[in-house]
Amino acid sequence: MRTLDEVDIKILNQLKKNARMPLKELSAEVYLTTPAVSARIEKLEQDGFIKGYHADLDMEKLGYGIKAFIMITVEPEDSQKFYEFIRLQKCVLECNHITGPYSMILKATFSSTTLLDEFLGKLQAFGKTETQVVFSTVLERH
């Protein structure tokens, strides 16, 4: 794996702040020509440093004001079936395999507590769950 130089890091930081920043502006920030910056970005993408470009959506304004972190214990023999199930669930924003008494933690959003309750019912087919509903988000980085 290659190491990033100072210019690569500056490019990544600028794209992190605004992935839609025009190349001309980005070039001025890092003191390189537009073609040079474009080539660096392409190389950063090819090397996997940039996995994609995404819009930062306000889930609450979109009607999904209930955010929850759900921990679940999934037995190893059920993992594949669980992964297949969870990939199809549009409410799940993130699924992480973790250490501790639970094997997975999910970050999910819902438009109502009824939908959260229904989802938990489906999820409990895979194992014991514990749910934490978010009152407010103090800090969120992307």
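Let me begin with a term: a residue is called buried when its relative accessible area is under 20%, exposed when over 50%, and partly exposed in between, with a 1.4 Å probe and protein chains only. The model I am presenting is a predicted one, in which local features need pLDDT of at least 70, side-chain atom pairs count only at pLDDT 80 or more, and totals for chains, interfaces and linings use all residues. Residues are numbered from 1 along each chain as its sequence is written, and side-chain values use heavy atoms, without hydrogens and water.

The chain contains five helices and four strands, where helices (H or I, at least four residues) and strands (E, at least two) are DSSP runs numbered from the N terminus. Their order from the N terminus is α-α-α-β-α-β-β-α-β.

I turn to helix 5, residues 113-123, whose buried residues are Leu116, Phe119, Leu120 and Leu123. These lie on the same side of helix 5, because they cover an arc of only 100 degrees around the axis, the arc being that of the directions from the helix axis to the C-beta atoms. What do the buried residues of helix 5 pack against? Their partners are strand 1 (66-72), helix 4 (79-87), strand 2 (92-97), strand 3 (104-110) and strand 4 (129-133), a contact being heavy atoms within 4.5 Å.

Finally, the chain as a whole. Of its 142 residues, 30% count as buried. Among the chain's contacts with a separation of 6 or more, 63% join residues 24 or more positions apart. The C-alpha atoms fill a box of roughly 55 × 35 × 25 Å along the principal axes.
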